[in-house]
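I opened my notebook today to look around a protein model, one step at a time. Here is what I looked up, in the order I went.

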Amino acid sequence: MNRSIRSAAVIGSGVMGSGIAAHLANAGISCWLLDIVPGALTPEEEKAGLTLEHPKVRSRLALQAIARLKKTNPAPLYREAFADRIRPGNVEDHWTELAHVDWIIEVVVEHADVKRALLQRIETVWKPGTIVSSNTSGISIEAMSAGCGPELRKHFLGTHFFNPPRYMKLLEVIPGRDTDPEVVRFMTRFCERTLGKGVVTAKDTPNFIANRIGTYGLLVTLREMAANGYTVEEVDAVTGPAMGRPKSATFRTLDLVGLDTFVHVAQNVHDHVADESERRVFEVPSVLRELVARGWIGEKRGQGFYKKV
Ligand code: NAD
């Protein structure tokens, strides 16, 4: 099949969706950036009797999404002007646009049920042959697409970007059992040549490769800290710049990822490994759940292990 990707729709405009849309814009691809987030009315809009459905309010929210991308540090766009290639909006308003793009990327919250339902809904407007992928951190590609027909399953795979998408070269490609090998070959070449990624093909095992190892490392680190009294600052001091890894201090990275997302990612392995002793390793420590319950979920809310200044 003679394929090319010139347009895309990114569904989910959180930490990763917005970064992925920006990186696609960097590569010259025009894309939709769609979300369900309704936002809130400003006091002026409320006074004027407007609702969230009003075109004026919708367009303000869309412009705000682009403004956020321009302000993010480090900059996700090579040039601010590339933001013109991104069309943000509410997923409900632009649902039928999914039939007109070359690639649909699901980047919503790390919940298997939400992703499964979304994929089945995508199938209702999907133009046969269009590639559909998920940015899941570790949910089974097979299980996610089990409720879809064989044609969609042939065109569905995992394309797992790392955070931040512009700067992290790694990308895991995860074929499901039914993914057409031609689709896997095409996406691998496309992600390498057009998006500048270093692609690793991973098996569809819980959390694939990078997050299986990374999650394990972090959970063991937390246990060792509790047992030996190491502090967050001490661990970051030995896993960050002083170690020759300027951007990867353990807890700075966790704040960037989002503690809520990390909890789902760890829980996913815990729930899907058969071995009892391995399952125990992936139990989420209460300190993480407490921080999430308090709303301290990382940079996206201004506070995680560190307060954003
Ligand atoms: P996030 O919480 O920042 O954003 C998720 C977005 O999805 C939210 O804006 C939410 O409103 C939206 N959403 C939820 N349900 C939706 C629906 N039905 N339709 C449209 N939008 C919907 O999460 P994130 O960190 O961007 O993670 C997104 C995905 O990427 C997850 O699968 C996550 O595991 C994966 N991932 C995250 C990271 C990371 O560092 N945060 C890295 C790699 C992969």
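**Entry 1: the ligand.** I am working with a predicted model. I began by asking where the ligand lies. Domain 1 (7–201) and domain 2 (210–301) both give residues to the shell around the ligand, so the ligand lies between them. I found 28 residues surrounding the ligand, and the closest are Gly 12, Gly 14, Met 16, Ser 137 and Asn 163. Next I checked which elements give two or more residues to this shell: they are helix 1 (15–26), helix 4 (112–125) and helix 11 (259–272). Helix 1 gives the most, with three residues. I also sorted the shell by residue type and got 15 nonpolar, ten polar and three charged.

Entry 2

**Entry 3: strand 6.** I wrote myself a reminder that strands of a sheet pair through backbone hydrogen bonds, either parallel or antiparallel. Strand 6 shows both senses. With strand 5 (residues 131–134), strand 6 (residues 156–161) runs parallel, and three bridges join the two. Gly 158 of strand 6 is the bridge partner of Ser 134. With strand 7 (residues 170–175), strand 6 pairs in the antiparallel sense over five bridges. Here Phe 161 has Leu 171 of strand 7 as its bridge partner.

Is strand 6 buried or exposed? Six of its six residues are buried, so strand 6 is largely enclosed by the rest of the structure. Phe 156, Gly 158 and His 160 point one way, while Leu 157, Thr 159 and Phe 161 point the other way.

**Entry 4: a loop.** Last, I looked up Gly 196, in the loop between helix 7 (181–193) and strand 8 (198–201). Gly 196 is partly exposed, with 13 other C-beta atoms within 10 Å. Gly 196 and Ala 27 are 169 residues apart in sequence, and their C-alpha atoms are 8.8 Å apart in space.

Conventions
Residues are numbered from 1 along each chain as its sequence is written. This is a predicted model: local features need pLDDT of at least 70, side-chain atom pairs count only at pLDDT 80 or more; totals for chains, interfaces and linings use all residues. Helices (H or I, at least four residues) and strands (E, at least two) are DSSP runs, numbered from the N terminus. A residue is buried if 20 or more other C-beta atoms lie within 10 Å of its own, exposed if 12 or fewer, and partly exposed in between; C-beta atoms are placed from the backbone. A residue is near a molecule or strand if its C-beta atom, placed from the backbone, lies within 6 Å of it. Ala, Val, Leu, Ile, Met, Phe, Trp, Tyr, Cys and Pro count as nonpolar, Asp, Glu, Lys and Arg as charged, and the others, Gly among them, as polar. Domain bounds come from an automatic or database domain assignment. Two strands pair if DSSP finds at least two bridges between them.
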